[in-house]
Amino acid sequence: MITSDRLARLGSGVFDRNDRRKSAYVDSERQKHQALIDLSLGSTDLAPPVAAVEAMAEVLQHSSSSSYCLHAGTQSFRSAAASWCQQRFGVQVDAETEVLLLVGSQEGTAHLPLAVLDPGDSALILDPSYPSHRGGLELADADIHTLPLTAERDWAPDFDALSSDQWQQLGLMVLGFPHNPTARTGEQAWLDEAMHRSVQHDLVLAHDNPYVDLALEGDAPSLLRCPHWRERGIEFFSLSKGWCLGGFRLAFAVGAAPLIHALRQLKGVVDFNQCQALQRGAVVALDQHADWPSRLLPVYRQRRDRMRQALADLGWTVPIPSMALYLWMPIPEWASARGWSDEQLAAELLDHCGVALTPGSGFGDAGRGWLRLALVRPVKDLENAVTRLQPWWEKRH
């Protein structure tokens with residue numbers, strides 16, 4: 001065997017499986033009659049700030065943008081991130097010791113366990129949760145514990161579900177609110193309770209927060225509002241969602257200086273930083289367009305409401321999400337009666353209707369029986385997707 005047991009445990013990611021299915025569909029005869037409507041990724045069709053892209057284009061002409069960029073070359077970006085934290089949360093952050101540029105928050109959450117855990121150490125993640133949370137722990141050979149979220153509790157974590165002995169075993173806890181995939185904004189009290197447990201049981205608390213500015217209802221929580229974050233906390237932010245810069249892979253971590261130092265040390269072995277052109281665009285986005293995410297909210301609210309209504313007219317009742325970008329959809333009763341899993345239903349929808357959604361089980365066992373739909377196309381396209389489903393749905397209902 002030429003590959004590792006670790007790779008076997010990691011398995012195939014849900015996005016990779018979906019990508020293979022979508023590629024097969026695009027290569028098929030069906031594509032000629034019914035173009036793919038891809039609602040499986042949170043990769044928005046909305047535009048980033050023009051000034052940010054123009055700044056990238058301008059600096060791209062400079063010779064510095066074709067050079068490797070080490071940590072010292074990220075100072076302007078880290079200063080902009082620290083200023084954004086002050087403006088957004090009223091928290092003063094040290095750009096030198098408490099901020100780190102990342103190649104997407106996914107990279108940060110996947111690498112953190114390697115920096116803070118030894119093989120066999122225990123860690124806790126939500127179930128369902130974003131795949132990099134589990135993936136990073138698998139790569140670190142950690143002992144993974146899960147905190148299941150349920151529809152009955154409106155996807156709220158029940159920290160009392162773990163005994164004191166179980167808490168005492170943990171070295172790391174990874175949360176993420178607003179929550180992907182359930183599209184639940186979450187509450188600050190949940191993070192405060194998580195921090196209390198982290199202090200009580202001496203563990204690191206990591207919070208993945210790329211949707212912090214995309215709450216449609218409620219106020220998104222942040223680890224930076226918790227006491228003790230400078231002692232044992234690290235929070236991951238991203239320009240992918242709020243500033244529509246997903247393909248540019250721009251994100252950052254803010255946290256306790258020892259954790260930032262540890263992640264920086266790891267990154268020093270694994271990768272270099274983005275070029276100066278991309279960083280300059282990010283600085284412009286944070287400094288000059290901090291309000292950009294708020295401009296997106298009316299668009300996502302309209303898409304949410306119109307899509308939910310179209311699905312309701314079809315006979316598919318979908319909970320109201322409190323954050324932008326996704327619908328979290330229970331598979332319909334008729335599909336369950338046929339014995340279809342969420343993965344099979346997603347495959348059937350793609351094969352027969354040309355509509356790509358993400359199986360909820362790809363986010364963990366507690367996601368089984370659910371599908372995630374990304375509101376990343378104009379309303380007309382979203383409603384067209386439902387129109388396509390109707391004849392296929394009625395034959396099987």
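Modeller: In this predicted model, the cysteine sulfur closest to that of cysteine 226 belongs to cysteine 85, and the two atoms lie 14 Å apart, which is too far for a bond. A disulfide would require the two sulfur atoms to be within 2.5 Å. By this rule the number of disulfides is zero. Cysteine 226 is counted as buried because its relative accessibility is 3%. Cysteine 353 is likewise counted as buried, with a relative accessibility of 1%; the cut-off for this term is under 20%.

Burial also marks strand E12, which spans residues 370-374 and has five of its five residues buried. Its side chains point two ways: Trp370, Arg372 and Ala374 are directed one way, and Leu371 and Leu373 the other way, yet all are buried. Strand E9, residues 326-330, runs antiparallel to E12 and is joined to it by five bridges. Within E12, arginine 372 stands opposite tryptophan 328. Strand E11, residues 358-359, is also antiparallel to E12, with two bridges between them. Here threonine 358 has arginine 372 of E12 as its bridge partner.

Leucine 10 is counted as partly exposed because its relative accessibility is 34%.

Methods:
Residues are numbered from 1 along each chain as its sequence is written. This is a predicted model: local features need pLDDT of at least 70, side-chain atom pairs count only at pLDDT 80 or more; totals for chains, interfaces and linings use all residues. Side-chain values use heavy atoms; hydrogens and water are left out. Buried means under 20% relative accessible area, exposed over 50%, partly exposed in between (1.4 Å probe, protein chains only). Helices (H or I, at least four residues) and strands (E, at least two) are DSSP runs, numbered from the N terminus. Two strands pair if DSSP finds at least two bridges between them.
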